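Trainee: I'd like to learn how to read pockets, cavities and helix packing in a model. Could you take me through them one by one?

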Amino acid sequence: MNCNIAVIKGDGIGPEVVSEAMKVLDAVGAKYGHTFNYEQLLMGGCSIDVHGVPLTDEAVARAKAADAVLLGSIGGNTSTSPWYKLPPEKRPEAGLLKIRKELGLFANLRPAFLYNELKGACPLKEEIADKGFDMMIMRELTGGLYFGARETKEVDGVMTAVDTLTYNENEIRRIAIKGFDIAMKRRKKVTSVDKANVLDSSRLWRKIVEEVAKDYPEVTYEHMLVDNCAMQLVKDPAQFDVVLTENMFGDILSDEASMITGSIGMLASASLNETKFGMYEPSGGSAPDIAGQNKANPIATILSAAMMLRYTFDMDKEADAIEAAVQQVLVENYRTCDIVSEGTELVSCSQMGDLIAERV
Ligand code: IPM
Ligand code: MG
């Protein structure tokens, strides 16, 4: 198969980790007879430096024309980087929000899985880590608080900031359907997370999720308040299968879920629209503190490339091969610095990419 991939390496550790994912994809291509064509695009701080904006319309058009987008990370140090002296709509993050909206990527899948080999890196108590966990955070990605009208102004002499959180029933229904569809392929349980004891948007969320659930009699579902969910994630993460939630709650809970896997450098993600098109990126950020040092963990990006093969290109056995290769390097005790522990071997970002590519 001939696959056209728009590659956005981005800022910070983005270029390093994406290069390793491309290395692994090329190994898959060589083994299974596929050609991956890459077109590199700018987004985030690197685009600001060249074009003065975090994402050009030209880059959006090229991303749309590709079969899928592979993304590293965007942004820099928010207290020291000159990018953060710009007005909010010109900062790196605005590029990411714009591309999600322009490509209609409303469904964000963030799988959080505790590898046996990384149980020691899990910050939870041993008896909790021992049970393991395997959940899929389904985050709504193009609505809610991050896309509502916002402004800061003076009201009666007092500086006042407003952000608006809006969801309509169609936005809720389509993400709920994705959530239940994914649950059907997993352990058939959905935990829908909201704040229905306070928010109207959450009460509508709950109502629509209940309607959608009727079409999935095999799936057990429950509602959970977001504050309780934050607590349950550290108390008993094994209880979760699919966690279905709105944009901001999903942003926060997915960082929490990733941390309990041992490192945010392990977590892949896929952002999908109604078609096979998707954008694939590690859940973690640009880690400017370790950028350019060949230290970052490329596994999240490599696993994101595996998700791309699975969801956009229907290449299940190729995706399995990448996931097995990742598992294999962990079994063989190779670790980047974020997950290294006594008795394991420290490797660099590019060495980790080589090791995984060799095992594909
Ligand atoms: C994420 C990030 C982004 C988000 C930021 C960089 C805008 O935190 O992908 O989780 O909040 O969606
Ligand atoms: Mg986030």
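Trainee: How do the residues of the lining of the largest pocket divide into nonpolar, polar and charged?

Mentor: Before the count, a note on the model: residues are numbered from 1 along each chain as its sequence is written, while chains are lettered from A and ligands numbered from 1 in the order in which they are written. This is a predicted model, where local features need pLDDT of at least 70, side-chain atom pairs count only at pLDDT 80 or more, and totals for chains, interfaces and linings use all residues; side-chain values use heavy atoms, with hydrogens and water left out. Now your question: the lining of the largest pocket has 14 nonpolar, two polar and twelve charged residues. Here Ala, Val, Leu, Ile, Met, Phe, Trp, Tyr, Cys and Pro count as nonpolar, Asp, Glu, Lys and Arg as charged, and the others, Gly among them, as polar.

Trainee: What is the volume of the largest pocket, and which residues are the closest to its centre?

Mentor: The general idea is that rolling a probe the size of a water molecule over the atoms shows where empty space is left. On a 1 Å grid over the protein atoms alone, a pocket is an open set of points with protein on both sides within 12 Å along at least five of seven lines, a cavity is a set where a 1.4 Å probe fits but cannot get out, and lining residues have an atom within 4 Å of a point. The largest pocket has a volume of about 950 Å³. Of its 28 lining residues, Met 136, Arg 186, Met 307, Arg 310 and Tyr 311 are the closest to the centre. Helix 6 gives the largest share of this lining, five residues.

Trainee: How much space lies in the second largest pocket, and which element gives the most to its lining?

Mentor: About 530 Å³ lies in the second largest pocket. Among its 26 lining residues, the closest to the centre are Glu 93, Leu 96, Arg 100, Asp 251 and Gly 285. Helix 4 gives the most, with four residues. The lining divides into ten nonpolar, nine polar and seven charged.

Trainee: And how many cavities of 30 Å³ or more are found in the whole structure?

Mentor: One. About 40 Å³ of space lies in this largest cavity. Leu 165, Tyr 167, Leu 199, Ser 201, Ser 202, Trp 205, Glu 246 and Phe 249 line the cavity, and helix 7 (residues 200-213) gives the most, with three residues.

Trainee: Now helix packing. At what angle do helix 1 and helix 11 pack?

Mentor: Two packed helices are described by the angle between their axes and the distance between the axes. Helix 1 (residues 14-32) and helix 11 (residues 316-331) pack at about 130 degrees, their axes 11 Å apart. That makes helix 1 oblique to helix 11 (under 35 degrees is roughly parallel, over 145 roughly antiparallel, 65 to 115 roughly perpendicular, the rest oblique). Val 24, Val 28 and Tyr 32 of helix 1 make the contact (heavy atoms within 4.5 Å) with Lys 317, Glu 318, Ala 321 and Ile 322 of helix 11.

Trainee: How do helix 1 and helix 10 cross?

Mentor: Their axes come within 8 Å and cross at roughly 45 degrees, so helix 1 and helix 10 are oblique to each other. In helix 1, Val 17, Val 18, Glu 20, Ala 21, Val 24, Leu 25 and Val 28 meet Thr 301, Ile 302, Ala 305, Met 308 and Leu 309 in helix 10. The residues of this contact divide into ten nonpolar, one polar and one charged.

Terms used:
Axes fitted to C-alpha atoms, helices over the stretch in contact; angles between N-to-C directions. Helix = DSSP H or I, 4+ residues; strand = E, 2+ residues; numbered from the N terminus. Points joined across faces, edges and corners; volume = space filled by probe spheres on them.
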